[in-house]
Amino acid sequence: MVYYLTKAFLWIYFHAYHRLRVQGLDNVPASNVILAPNHCSYLDPPVVGVAFPRRITAIAWEGLFRSKPFALLITALGAIKVSQSDAVGAASVLKLSVELLKSGKDLLIFPEGRRSLTGELLPLEGGVALLSLKTGKPVVPVRIEGAFEALPPSGSFPKPHRIRVTFLPPIWPQAFEGQDQKVAREMLLRRLTEALKGR
């Protein structure tokens with residue numbers, strides 16, 4: 001109930017204040033997926049949650065939970081807190097992510113690993129590709145435009161700038177079968193980078 005109330009409130013907020021436009025939902029497979037958006041604003045997680053038609057689970061570093069209002073918001077939208085200082089954090093996060101995908105959850109992962117301070121796409125980390133290849137689940141690139149202008153990392157309050165969320169054609173890990181795992185990971189990440197950059 002809290003999830004749907006929160007999503008309804010955010011739907012009104014993003015459409016009224018940011019004139020949200022959503023494109024490409026027909027690119028989203030019926031089966032569960034890994035959503036991989038670019039990331040340059042605190043608005044990114046909630047706007048993807050509003051734009052995506054199904055319930056999303058997201059793994060979020062504990063630093064995002066320092067602000068109680070924001071922590072309540074992202075928790076209501078399905079965020080799971082993990083510790084960035086845990087020595088085995090990466091292995092634990094990978095294991096949890098695999099379990100979530102195998103249980104049928106749609107998983108939100110920001111492949112840059114952190115917000116871009118300039119709005120330009122940062123080099124992608126390998127976790128999203130590893131997850132896709134390990135579970136057989138497709139990666140759906142999600143291009144977010146306007147969130148950086150609305151609330152950059154240096155900002156403190158959102159501006160009424162238009163935001164557009166575009167779901168791009170999925171990248172299926174089966175396309176890289178027969179490749180060495182490292183090569184397959186690099187090829188998938190290259191495809192994802194090109195999609196997020198609009199090439």
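Student: Over the ring of which residue does the charged end of Arg-115 sit?

Tutor: This is a predicted model, in which local features need pLDDT of at least 70 and side-chain atom pairs count only at pLDDT 80 or more, while totals for chains, interfaces and linings use all residues. Residues are numbered from 1 along each chain as its sequence is written, and side-chain values use heavy atoms, with hydrogens and water left out. A charge sits over a ring if NZ of Lys or CZ of Arg is within 6 Å of the ring centre and within 35 degrees of the ring normal. At 3.8 Å from the ring centre, the charged end of Arg-115 sits over Tyr-42.

Student: Which residue lies over the face of Tyr-3?

Tutor: Tyr-3 is buried (under 20% relative accessible area, whereas exposed is over 50% and partly exposed in between, with a 1.4 Å probe and protein chains only), because its relative accessible area is 4%. At 4.2 Å from the ring centre of Tyr-3, the residue over its face is Arg-55.

Student: What is the angle between the planes of Phe-52 and Phe-167?

Tutor: Phe-52 is buried, and so is Phe-167. Their rings form a tilted pair, 5.8 Å centre to centre, and the angle between the planes is 45°.

Definitions and conventions. Phe/Tyr/Trp six-rings, centres within 6.5 Å; stacked < 30°, edge-to-face > 60°.
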